Amino acid sequence: MKIAIIGATRGIGLAMAQAALADGHVVTALARTPGRMPMSHLHLHIIAGDAQDAQAIARVVEGQDVVCDCLGTTNVAQTITMFSRSAENLAKVLKPEQLLIAVTGMGTGDSRGHGSFLYDYLFMPIVLRRMYADKDRQERIIKDKIARWIIVRPGFLTSGPHTGRYRALTDLTGIHGGRISRADVADFMLSQAKAPKFIGQTPLLIY
């Protein structure tokens with residue numbers, strides 16, 4: 001399978017690249033700074049470019065079976081548009097048969113209010129509000145403009161090991177917070193790339 005990964009140099013994107021390559025797939029990664037990719041592999045191809053550049057997105061998407069948008073940022077104090085711009089660019093070039101798996105997070109859309117007390121009433125409205133405002137825009141664009149999609153909403157991310165044991169929830173009744181490792185988010189994404197069961201859904205991932 002041919003899998004494209006946007007945001008592959010760290011975090012979930014890097015974990016996804018490692019998992020996909022270990023499973024025998026061909027990975028094409030879009031990276032603003034290719035030199036920051038901490039791994040090399042015979043079946044790893046790196047395209048230099050920014051997800052906010054429509055031409056770069058078109059290059060990385062071409063010929064792929066599955067596209068994984070794993071963008072992240074630590075610049076949460078400024079206005080953020082990278083998530084929605086990437087989604088707009090993807091909507092222009094993805095073909096109906098191509099599957100998009102996009103990572104947003106607990107707190108987007110109807111998962112808002114399902115974090116912990118501190119997360120919902122301190123971190124979300126004060127620290128993360130700009131980022132999640134754009135993630136909300138990203139989700140709306142994906143739902144409105146892309147044919148085949150899965151939106152993955154991880155809980156609080158950890159650097160823990162791959163376990164393969166987690167919950168993918170679409171009914172959030174009674175859910176208030178939860179953790180998951182980046183390696184297990186990648187495990188779920190790869191499982192959906194191979195045999196998608198959540199097309200058109202927004203599963204929340206927690207242990």
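I took a charge to sit over a ring if NZ of Lys or CZ of Arg is within 6 Å of the ring centre and within 35 degrees of the ring normal. By that rule I found lysine 135 over the face of phenylalanine 83, at 4.2 Å from the ring centre.

I note that this is a predicted model, in which local features need pLDDT of at least 70 and side-chain atom pairs count only at pLDDT 80 or more, while totals for chains, interfaces and linings use all residues. Residues are numbered from 1 along each chain as its sequence is written, and side-chain values use heavy atoms, with hydrogens and water left out.

I next looked up aromatic pairs, meaning rings of Phe, Tyr and Trp (its six-membered ring) with centres within 6.5 Å; planes under 30 degrees apart count as stacked, over 60 as edge-to-face and the rest as tilted. The count came to two. The tyrosine 166 and phenylalanine 188 rings have centres 6.3 Å apart and planes at 85°, so I recorded the pair as edge-to-face. Tyrosine 166 is in the loop between strand 7 (156–158) and strand 8 (167–169), and phenylalanine 188 is in helix 6, 22 residues apart. Helices (H or I, at least four residues) and strands (E, at least two) are DSSP runs, numbered from the N terminus.

Phenylalanine 188 also pairs edge-to-face with phenylalanine 198, at 5.5 Å centre to centre and 65° between the planes. I checked burial (buried is under 20% relative accessible area, exposed over 50%, partly exposed in between; 1.4 Å probe, protein chains only). Phenylalanine 188 is buried at 3%, and phenylalanine 198 counts as buried at 16%.
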